[in-house]
Amino acid sequence: LGSMAYGECWDLQRTLFDDLCHKKAEKRLTDGESRGTILIVEHPAVYTLGKSGHQENMLVTEEYLKSLGAEFFHIDRGGDITFHGPGQLVCYPIIDLESIDFGIRRYIEALEQSVIDLAAEYGIEAHRSEGASGVWVSQGSHLVKLCAVGVRASHGVTMHGLAMNVSTDLKWFHLINPCGFTDRGVCSLSTLTGREVTMEEVKPKFINYLAKNLNVKYKK
């Protein structure tokens with residue numbers, strides 16, 4: 001989708017989600033028909049707080065965010081607060097998990113594995129962290145987050161997804177406790193590799209890994 005405002009993209013997600021849920025409920029999904037849509041997007045600066053998140057993890061006021069040109073949304077995914085902005089690959093799969101025989105845990109692991117596989121292509125050893133969603137990198141005894149994951153599933157259909165820092169300006173994360181953590185940092189593919197990694201080179205690699213880990217075929 002290129003760059004799209006968060007609210008506009010959230011509306012698109014909900015439209016696709018509702019349509020897929022209705023088709024599924026009415027048993028109108030036929031063999032060979034698409035089982036969903038995967039949106040790849042960048043957002044202008046925006047902070048989102050999940051339904052189980054804590055407002056205190058936003059360290060400044062909404063008025064201050066507006067003065068910086070950033071937006072703020074309370075949303076219906078899991079997880080705490082996170083940031084989206086230019087240079088970040090955001091992926092929203094709206095798919096029927098039953099059609100690919102995935103439960104929610106396996107689905108989340110497939111999202112995380114796609115980022116782990118991509119990072120490995122850049123020589124980065126990324127991993128999961130017990131008790132915390134997303135993809136992390138160890139820097140000595142310190143953990144830094146490469147990718148946040150927060151999803152919603154209803155009637156076996158997913159929305160929301162993941163946000164991987166490719167060349168994101170990490171200063172935006174100084175205004176929050178990212179994902180609720182006060183003792184962990186954030187990173188990007190660019191900071192980890194020491195060079196400017198572009199969205200153009202990352203997108204096709206990521207989509208290929210995601211298709212493999214979800215065991216789906218995709219069409220543009």
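Helices (H or I, at least four residues) and strands (E, at least two) are DSSP runs, numbered from the N terminus. In those terms, strand β8 provides the largest share of the second largest pocket's lining, with five residues. The model is predicted. It has zero disulfides. Its largest nonpolar core has 37 residues, and its largest pocket holds about 740 Å³ of space.

**Cysteines**
- No disulfide is present in the structure.
- Cys-9 takes part in none, and the nearest cysteine sulfur, in Cys-91, lies 10 Å away.
- Cys-9 counts as buried because its relative accessibility is 0%.
- Cys-187 has its closest cysteine sulfur in Cys-147, at 10.0 Å, so the two are too far apart for a bond.
- The cut-off for a disulfide is a sulfur pair within 2.5 Å.
- Cys-187 is also buried, at 2% relative accessible area.

**Nonpolar cores**
- In soluble globular proteins, nonpolar side chains tend to be buried together.
- The largest core here has 37 residues.
- Leu-89, Tyr-107, Met-164, Leu-189, Val-202 and Phe-206 touch the most other members of that core.
- Two or more of its residues come from each of β5 (88–95), α3 (104–121), β7 (132–139), β8 (142–154), β9 (157–165) and α5 (199–214).
- Helix α3 gives the largest share of this core, eight residues.
- Another core, of 18 residues, lies apart from the largest one; Met-4, Cys-9, Leu-20 and Val-90 are among its members.
- Phe-206 belongs to the largest core. Neighbours within four places in sequence aside, its contacts are Ile-40, Leu-89, Cys-91, Ser-114, Val-115, Leu-118, Leu-162 and Met-164.

**Largest pocket**
- This pocket has about 740 Å³ of space.
- It is lined by 23 residues. Ser-34, Gly-36, Lys-217, Tyr-218 and Lys-219 are the closest to its centre.
- Strand β1 (36–41) and helix α5 each contribute at least two lining residues.
- The most comes from β1, which gives five residues.
- By class, the lining has 12 nonpolar, five polar and six charged residues.

**Tyr-218, at the largest pocket**
- Tyr-218 is one of the lining residues closest to the centre of the largest pocket. It sits in the segment after α5.
- With 43% relative accessibility, Tyr-218 counts as partly exposed.
- Its contacts, leaving aside neighbours within four places in sequence, are Ile-207, Asn-208 and Ala-211.
- Tyr-218 and Ile-38 are separated by 180 residues in sequence, yet their C-alpha atoms are 8.7 Å apart.

**Second largest pocket**
- The space in this pocket comes to about 360 Å³.
- The lining consists of 26 residues. Gly-78, Gly-79, Ser-133, Val-149 and Gly-150 are the closest to the centre.
- At least two lining residues come from each of β4 (81–84), β7, β8 and β9.
- The lining divides into 13 nonpolar, 10 polar and three charged residues.

Definitions and conventions
Residues are numbered from 1 along each chain as its sequence is written. This is a predicted model: local features need pLDDT of at least 70, side-chain atom pairs count only at pLDDT 80 or more; totals for chains, interfaces and linings use all residues. Side-chain values use heavy atoms; hydrogens and water are left out. Buried means under 20% relative accessible area, exposed over 50%, partly exposed in between (1.4 Å probe, protein chains only). A nonpolar core is a set of buried Ala, Val, Leu, Ile, Met, Phe, Trp, Tyr and Cys residues joined through side-chain atoms within 4.5 Å. Contact means heavy atoms within 4.5 Å. On a 1 Å grid over the protein atoms alone, a cavity is a set of points where a 1.4 Å probe fits but cannot get out, and a pocket is an open set with protein on both sides within 12 Å along at least five of seven lines; lining residues have an atom within 4 Å of a point. Grid points are joined across faces, edges and corners, and a volume is the space filled by probe spheres set on the points. Ala, Val, Leu, Ile, Met, Phe, Trp, Tyr, Cys and Pro count as nonpolar, Asp, Glu, Lys and Arg as charged, and the others, Gly among them, as polar.
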